[in-house]
Amino acid sequence: MAHTPKWNATDLPDQTGRTAVVTGANSGLGIATVDALARAGAHVVLAVRDPRRGEAAAETVRGARGSVEVRRLDLADLASVRAFAAGWQDPLDLLINNAGVMNIPESRTKDGFETQFGTNHLGHFALTNLLLPFVTDRVVTVASGAHRLPGNRIHFDNLNLTDEYRPVTAYSQSKLANLLFTLELQRRLTAAGSPVRALAAHPGWAATNLQGADASPLRRAVMQVGNRVVAQDNKAGALPTLYAATQDLPGASYLGPDGFAEMRGAPAMVGRTAAASDPESAARLWQASEELTGVTFPPLGGRQVTAEAARQ
């Protein structure tokens, strides 16, 4: 593991004049990411399912040099994803795909997808491709150490895990999908000659409300104990995302904490499993995701907004 210097949010470069979208921004890692970027001078859009909760979260970002606004986005509803993207007309320096659900009871999105795969991967897949013509700098997707679950794979023959659903299996599949998505997105950006970079990050063990919806009472109890004695707070958990979003790093980089088992610590480049590094699986997942969402990689070239041209 290659270590970086002990870096924190006070080391963020000036973000004045930059615009960011953060999904799932009303709590946990999302609001910590919003707060840090806004205090560094960025204009940050909180993309949230419940605008009232989003507005309450935005009120906590007081005294920031930058600004915040709230827009509705439900990643479990492709119509909502399309509406959000249709309302976007400006240059977008940074898209942070942060929102997610974890280990929840079996359910379906409005479009009939298994909810963890549909929200964590397919919703962000559609959002990213629809916004990509406006993105000027990078896309950062929040993954998880859960992608390392032994035997974890993309169930191409049963992506919804019909009749074989297990909450942990579904979550781990969705997090593996995040990394494969980042890998294939970067390949496509490079092939298109785009300067935009795709990166991924994971927070280690961060104490947020994500664990509170776990389908297992036993796992919820274990998580509650771990949140008190092992976990970082949400601000520390957001550091790998912020580092990936603002530092000069190669495309497809993966960031996480530098401490024991990557559970806590300063942001560093971290490794991923062979399954998360497989270009054939990444391409196959991309094709399946296009078929499921009806959203494809956009023609970039002359259509893609550049930061300089768009602001003239």
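Let me start with Arg188 and Glu184, whose side chains meet in a salt bridge at 2.9 Å, N to O, where a salt bridge is a side-chain nitrogen of Lys or Arg within 4 Å of a carboxyl oxygen of Asp or Glu. Because they are four residues apart in helix 5, residues 167-191, Arg188 and Glu184 are separated by about one helical turn; helices here are DSSP runs of H or I with at least four residues, strands are runs of E with at least two, and both are numbered from the N terminus. Glu184 counts as buried, at 2% relative accessibility, and the terms are that buried means under 20% relative accessible area, exposed over 50%, and partly exposed in between, with a 1.4 Å probe and protein chains only.

Before I go on, please keep in mind that this is a predicted model, in which local features need pLDDT of at least 70 and side-chain atom pairs count only at pLDDT 80 or more, while totals for chains, interfaces and linings use all residues. Residues are numbered from 1 along each chain as its sequence is written, and side-chain values use heavy atoms, with hydrogens and water left out.

Across the whole structure, the search finds 14 salt bridges. One of them joins the side chains of Arg65 and Asp14 at 3.3 Å, N to O, and this pair links distant parts of the chain, 51 residues apart, with Arg65 in the loop between helix 2 (51-58) and strand 3 (67-72) and Asp14 in the segment before strand 1 (19-23). Arg65 is exposed, with a relative accessible area of 55%, and Asp14 is exposed at 52%.

In another salt bridge the side chains of Arg197 and Asp137 meet at 4.0 Å, N to O, and here the link runs from Arg197 in strand 6, residues 197-201, to Asp137 in strand 5, residues 135-142, 60 residues apart. Both Arg197 and Asp137 are buried.

Let me finish with a pair of helices. Helix 3, residues 78-86, and helix 4, residues 115-131, pack with their axes 9 Å apart and at an angle of about 25°, and the two helices are therefore roughly parallel to each other, a term that covers angles under 35 degrees. Which residues of helix 3 meet helix 4? They are Leu78, Val81, Arg82, Phe84 and Ala85, and on the helix 4 side the partners are Gly123, Ala126, Leu127, Leu130 and Leu131, with contact meaning heavy atoms within 4.5 Å.

Conventions. Axes are lines fitted to C-alpha atoms, for helices over the stretch in contact, and angles run from 0 to 180 degrees between N-to-C directions. Angles under 35 degrees count as roughly parallel, over 145 as roughly antiparallel, 65 to 115 as roughly perpendicular and the rest as oblique.
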